[in-house]
Amino acid sequence: ALSTALCTVSCKDNAAAKFDDNAATTTATEAQKLETTEEYNAGSDVNNAVAGQAKMAFDKEVIEFGDIKIGDIAKGEFEIKNTGDVDLVIMSATGSCGCTVPKKPEQPIKPGESAKMEVSFDSTGKPGMQEKTVTVTANTAEGTHQLKIKANVKS
C-alpha cells in the first residue's frame with residue numbers, strides 16, 4: 001500500500017503537493033498499521049488472555065511424628081491442593097537429607113483437585129529432636145515451597 005501511494009504521489013506534477021501528499025500518506029499508513037496492530041493485539045488470545053496460574057495449598061505445613069524409637073521409619077503425608085486455574089505439575093520433591101524421602105505425585109493436579117505426597121523419615125543414627133525440610137518444586141509463581149517434618153528420636 002505504501003509503494004502504491006508513493007507511486008501515485010510521484011506521478012503528480014506539483015513538487016510541494018508531492019511532499020505534502022507523501023507526508024499525509026505516510027502518516028495515514030503508519031496510523032493504519034498501528035490501528036491494525038492494536039486490533040490484532042486486542043483480538044489475540046496470546047496477547048489478551050490472562051495467563052492461568054497453578055497455585056499450591058497444603059493441608060499442613062509440618063508433620064509432627066512425635067516420639068519415635070531410633071531406627072524406626074516414620075511415614076506421613078501432605079495433601080497438596082491446586083487452588084489455581086491450570087494444571088499443577090510437581091516437578092520435584094526433595095528431602096534435606098537422605099533420611100527424609102518424599103514421594104511426589106506423578107500426574108498433574110487439575111484445578112480444584114488434590115493429591116497426596118507421602119514422606120518417610122528414617123531415624124537410624126538420628127537421636128534427639130529432628131527437624132527436616134521437604135522442598136517441593138512446581139509450576140507456581142513461587143516455584144518452590146518448603147514443608148517440614150519433626151520427630152523426637154529416642155534411644
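This is a predicted model: local features need pLDDT of at least 70, side-chain atom pairs count only at pLDDT 80 or more; totals for chains, interfaces and linings use all residues.
How many bridges join E7 to E8? Ten bridges join these two strands, and the strands run antiparallel.

E7 and E8 belong to an open sheet of four strands. The strand order is E2-E8-E7-E4, and the pairing is mixed. E2 and E4 stand at the edges. Each edge strand has a single partner strand, so one side of each is left without a neighbour in the sheet. From one strand to the next, the twist averages 20 degrees.

| Strand pair | Direction | Bridges |
|---|---|---|
| E4 and E7 | antiparallel | five bridges |
| E7 and E8 | antiparallel | ten bridges |
| E2 and E8 | parallel | six bridges |

Each pair can be followed at a single point. Threonine 94 has threonine 135 in E7 as its bridge partner. Valine 134 has leucine 147 in E8 as its bridge partner. Glutamate 64 stands opposite lysine 150 in E8.

Now look at the turn. E7 and E8 form a hairpin with five residues between the strands. In this hairpin, glycine 143 takes a positive phi near 85 degrees.

## The nonpolar core

The largest nonpolar core has 25 residues. Which of them touch the most other members? They are Met56, Phe65, Ile80, Leu88, Ile90, Met117 and Phe121. Several strands give two or more residues to this core: E1 (56–58), E2 (62–69), E3 (73–82), E4 (90–95), E6 (114–122), E7 (128–138) and E8 (144–154).

Take isoleucine 80 as an example. Set aside its neighbours within four places in sequence. Isoleucine 80 is then in contact with residues including Met56, Leu88, Ile90 and Met117. Its contacts also include Phe58, Pro105, Ile109 and Glu113.

## Lysine 55

Lysine 55 lies in the loop between helix H3 (45–48) and E1. Is this residue buried or partly exposed? Lysine 55 is partly exposed, because its relative accessible area is 45%. Leaving aside neighbours within four places in sequence, lysine 55 is in contact with Lys81, Asn82, Thr83, Gly84, Leu88 and Thr140. Leu88 is also among the core residues that touch the most other members. Lysine 55 and glutamate 142 are 87 residues apart in sequence. In space, their C-alpha atoms are 8.8 Å apart.

## The disulfide

A disulfide is a covalent bond between the sulfur atoms of two cysteines. The count here comes to one disulfide. The link joins cysteine 97 to cysteine 99, with 2.3 Å from S to S. The angle about the S-S bond is -45 degrees, and the link is left-handed. Are the two ends buried or partly exposed? Cysteine 97 counts as partly exposed, because its relative accessibility is 23%. Cysteine 99 is buried, because its relative accessible area is 9%. The cut-off for buried is under 20%.

## Serine 123

Serine 123 is found in the loop between E6 and E7. With a relative accessible area of 0%, serine 123 is buried. What does its side chain reach at 3.1 Å? The side chain of serine 123 reaches the backbone oxygen of lysine 69. Not counting residues up to four places away in sequence, serine 123 touches Ile68, Lys69, Ile70, Gly71, Asp72 and Val153.

Definitions and conventions. Residues are numbered from 1 along each chain as its sequence is written. Side-chain values use heavy atoms; hydrogens and water are left out. A nonpolar core is a set of buried Ala, Val, Leu, Ile, Met, Phe, Trp, Tyr and Cys residues joined through side-chain atoms within 4.5 Å. Buried means under 20% relative accessible area, exposed over 50%, partly exposed in between (1.4 Å probe, protein chains only). Contact means heavy atoms within 4.5 Å. Two strands pair if DSSP finds at least two bridges between them. Axes are lines fitted to C-alpha atoms, for helices over the stretch in contact, and angles run from 0 to 180 degrees between N-to-C directions. A disulfide is a pair of cysteine sulfur atoms within 2.5 Å. A polar contact is a pair of N or O atoms within 3.5 Å; within protein, one must be able to donate a hydrogen and the other to accept it, and residues adjacent in sequence count only if both atoms are side-chain atoms.
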